[in-house]
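The following text is a guided reading of one protein structure. Please keep the sequence and the three-dimensional view at hand while following it.

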Amino acid sequence: MKRMMTALPVVALAGAAQAQEADWTFTLSPYIWTPGAATSVDTRFGTLDAEAGIDDVLSATDFALMGLFEARRGRWGLIADLVYSDLSESRDTPFGKLFSQATVETELVAASAYVAYRFQEDDRMAADVMAGVRSISLDLDVGLDPGLLPARSFDLGESWVDPVVGGRFRVALSDRWFAAVLADVGGSGGGSDRTWQAVGTLGYQISDRWSVQGGWRRLSIEKEIEGRDVDLELDGPLLGLTARF
């Protein structure tokens, strides 16, 4: 049975607001993200590479959700980022005539939480350094359709937590237009071998409260699960709306 995490990681920021006199501000940003997926899984017959490109992502994506929430006071901020995707990828197998086709179903929940410190802010640019954790739950269902050999299938699943560090930059291009970049990298011996992501967006400020953004996001995870090497990459366009209150 596939597993799904029920809570975001909780990050405590002790004493950060003590020297701040500004009021708290909050932003909520739900996104539509339509990533292509590339999954590589070790099997007893060799490495299986399954890919669903951007051109067929709508047929491959059963469900996808992405959202970001931020609470900020002065130079300090708390950021929570959630990604949920349920993808299906099919391809001819690389195992000759042993099997006719392979299907990989991937369910991913990646919840990141950061403490952010704004070291630069003026009328044109804002820049933050970030440190936190990414909690990942990954389930893979691999099926091999019959060829010379009968059909085979197996499931892989694991949940873990990685430390991550990163940065975020926002630059005003005009009174209304802006560009933003967020990137992080992490991993540990007890978690991912490596995980990283990068998000770039171009936005338009509708009002003091509302803005819209469009851009591109890439998320990569490398992990050994139940003795098998698994590489997962999600890569594609996004469109979102931000409310500030």
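**A buried charge without a salt bridge**

Asp-162 is buried yet takes part in no salt bridge, and the nearest side chain of opposite charge, that of Arg-134, is 6.0 Å away. The model under discussion is a predicted one. A salt bridge requires a side-chain nitrogen of Lys or Arg within 4 Å of a carboxyl oxygen of Asp or Glu. Asp-162 belongs to strand 8, which covers residues 152–172. What does the side chain of Asp-162 contact? It has a polar contact of 3.0 Å with the side chain of Trp-160.

The setting of this residue may now be described. The protein chain contains 1 helix and 12 strands. Followed along the sequence, these elements give the pattern β-β-β-α-β-β-β-β-β-β-β-β-β. The protein chain has 245 residues, of which 42% count as buried. Under this classification, a residue is buried when its relative accessible area is under 20%, exposed when it is over 50%, and partly exposed in between.

Strand 8 also holds Ala-172. Ala-172 counts as partly exposed because its relative accessible area is 23%. In sequence, Ala-172 is 46 residues from Ala-126, while in space their C-alpha atoms are 9.0 Å apart. A further pair of this kind involves strand 12, where Leu-232 is located. Leu-232 has a relative accessible area of 3% and is therefore buried. Between Leu-232 and Leu-108 there are 124 residues of separation in sequence, and the C-alpha to C-alpha distance is 9.7 Å.

**Charges that are paired**

How many salt bridges does the rule give for this model? The count is 12. One of them joins Asp-81 and Arg-217, with a distance of 2.7 Å from N to O. This pair links distant parts of the chain, since Asp-81 lies in strand 5 (residues 76–91) and Arg-217 in strand 11, 136 residues apart. Are these two partners buried or exposed? Asp-81 counts as buried because its relative accessible area is 5%. Arg-217 is likewise classed as buried, because its relative accessibility is 2%.

Another salt bridge is formed by Asp-235 and Arg-218, whose closest N and O atoms are 3.0 Å apart. Asp-235 is part of strand 12 (residues 228–244) and Arg-218 is part of strand 11, so this pair ties together parts of the chain that are 17 residues apart in sequence. Asp-235 has a relative accessibility of 22% and therefore counts as partly exposed. Arg-218, with a relative accessible area of 25%, is also partly exposed.

Some salt bridges share partners, and in this way Glu-70, Arg-72, Arg-118, Glu-121, Asp-128 and Arg-168 are joined into one network. Arg-72 counts as buried because its relative accessibility is 8%. For Glu-70 the relative accessibility is 8%, so this residue counts as buried too.

Which residues make up the negative surface patch? It is formed by Asp-49, Asp-193, Glu-224, Asp-229 and Asp-231.

Strand 10 (194–205) and strand 11 (210–225) are the elements that give two or more residues to the nonpolar patch. Ile-206 is situated in the loop between strand 10 and strand 11.

In strand 8, by contrast, lies Asp-162, the buried residue that has no salt bridge.

Note on methods:
Residues numbered from 1 in each chain as written. Predicted model: local features only at pLDDT ≥ 70, side-chain atom pairs only at ≥ 80, totals over all residues. Heavy atoms only, no water. Helix = DSSP H or I, 4+ residues; strand = E, 2+ residues; numbered from the N terminus. Buried < 20%, exposed > 50% of the residue type's maximum accessible area, 1.4 Å probe, protein only. Patch = residues over 30% accessible without salt bridge, like charges linked within 9 Å, V, L, I, M, F, W, Y side chains within 5 Å. Areas by Shrake-Rupley, 256 points an atom, 1.4 Å probe, with all protein chains shown as cover. Lys, Arg positive; Asp, Glu negative; His and termini not counted. Charge placed at Lys NZ, Arg CZ, Asp CG, Glu CD. Polar contact = N/O pair within 3.5 Å; in protein donor to acceptor, adjacent residues only side chain to side chain.
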